[in-house]
Amino acid sequence: MQRQIFTEEHDEFRATVRAFLAKEVLPYYEQWEQDGIVSRDAWLAAGRAGLLGLAVPEEYGGGGSTDFRYSAVLAEEFTRAGAPGLAIGLHNDIIGPYLTGLATEEQKRRWLPGFCSGETITAIAMTEPGAGSDLQAIRTTAEDKGDHWLLNGSKTFISNGILADLVIVVAKTTPDGGAKGLSLIVVERGAEGFERGRNLDKIGQKSQDTAELFFNDVRVPKENLLGELDGAFLHLMTNLAQERMGIAVAAIAAAEHLLEITTQYVKEREAFGRPLAKLQHIRFEIAEMATECAVTRTFLDRCIVDHSDGTLDAVHASMAKWWATELQKRTADRCLQLHGGYGYMSEYKVAKAFTDGRIQTIYGGTTEIMKEIIGRSLLA
């Protein structure tokens, strides 16, 4: 079906993204995968290409557009290129809204220009070893010491954890406040007592640095409180819909791309003297996946438009996230199976897509959490 949500400007932006990937990412990506981290030069190149800070006002060096369709283009093209390691979506769509929506004027002038140029790489530190999706279980504390916060605790599974120059840390500022006693504290590179652990060894997305972070009596300036004191829970809930949409957009793009390369493969690969595509079972598999992708794409495109208009709610974002990521997981598994032994070989795109994409149903809120959100909305 012909997609109808993009304009000529979006198509031009897509061409820019593809050119950037061809020049600044794909020639170096295999080395980044081996290194377990991308080059900072790639972030600077992304800034020069205008790919960072799409929604940041122009006065701070950004693109000045809140149209989520541009972010969708980025997510789709990076997914199709098989290059999730350069975490521009995390930077733009997850962390960006905290800075543009909550930062004071002084904070914006201090942080946003580097955010847009690629000089300041960002991360958000929420997950802890003993607290995944349960915000009430967070143990990291930020104690008010009058002229500064004293930050203590640890975080894990932090994307951009090694490269990050600016980390938004979710910390407990009111000890008995539960989830409503949390605040967002911004820690900058070089702060005494702020240490990074190992670059975690993942089964996929090898070039995306994911780290443990440790805060040992870190003195954070009072002016680095982001948003309201004890307001982190509301701030986090406000921005989760966009995070989940970004993941969902990448998921359907991945499923569609897997279907494309597998369709081509079964046309060329022969078994028992004829192409696999001549076997009825193979045709049924392709037919089922194509239909599932087409139906999901229609829903996702509607969600993209609604989010661009500011009308998408958390429930439908959760629906999009769980459905599209589970579809991606199923499609990756089925496409790998159709590739036979070759699908298990790392040099084949389907193998890399299988391992890179497995995290999709976990981060940003697991499938189980998405179902709980949807169920509560219907049965409250």
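Helices, as named in this tour, are DSSP runs of at least four residues, numbered from the N terminus. The model on display is predicted.

**First stop: the pair α7 and α8**

Please select residues 232–268, which form helix α7, together with residues 280–309, which form helix α8. Their axes come within 10 Å and cross at roughly 155°. Angles over 145 degrees count as roughly antiparallel, and α7 and α8 are therefore roughly antiparallel to each other. The crossing of these two helices is left-handed.

Next, display the side chains where the two helices meet. On α7, the residues in contact include Gln242, Met245, Ala248, Val249, Ile252, Glu256, Leu259 and Val266. On α8, Ile282, Ile286, Met289, Cys293, Arg297, Leu300, Ile304 and His307 are among them.

**Second stop: the cavity**

To find the largest cavity, select Ile94, Tyr98, Ile124, Met126, Asn239, Leu240 and Glu243, which line it. Which helix gives the most to the lining of the largest cavity? That helix is α7, with three residues. By class, the lining divides into five nonpolar residues, one polar and one charged.

Conventions: Residues numbered from 1 in each chain as written. Predicted model: local features only at pLDDT ≥ 70, side-chain atom pairs only at ≥ 80, totals over all residues. Heavy atoms only, no water. Axes fitted to C-alpha atoms, helices over the stretch in contact; angles between N-to-C directions. Parallel < 35°, antiparallel > 145°, perpendicular 65-115°, else oblique. Left-handed = near helix turned anticlockwise from the far one by under 90°. Contact = heavy atoms within 4.5 Å. 1 Å grid on protein atoms, 1.4 Å probe; cavity = no way out; pocket = protein on both sides within 12 Å on 5 of 7 lines; lining within 4 Å. Nonpolar A, V, L, I, M, F, W, Y, C, P; charged D, E, K, R; others polar.
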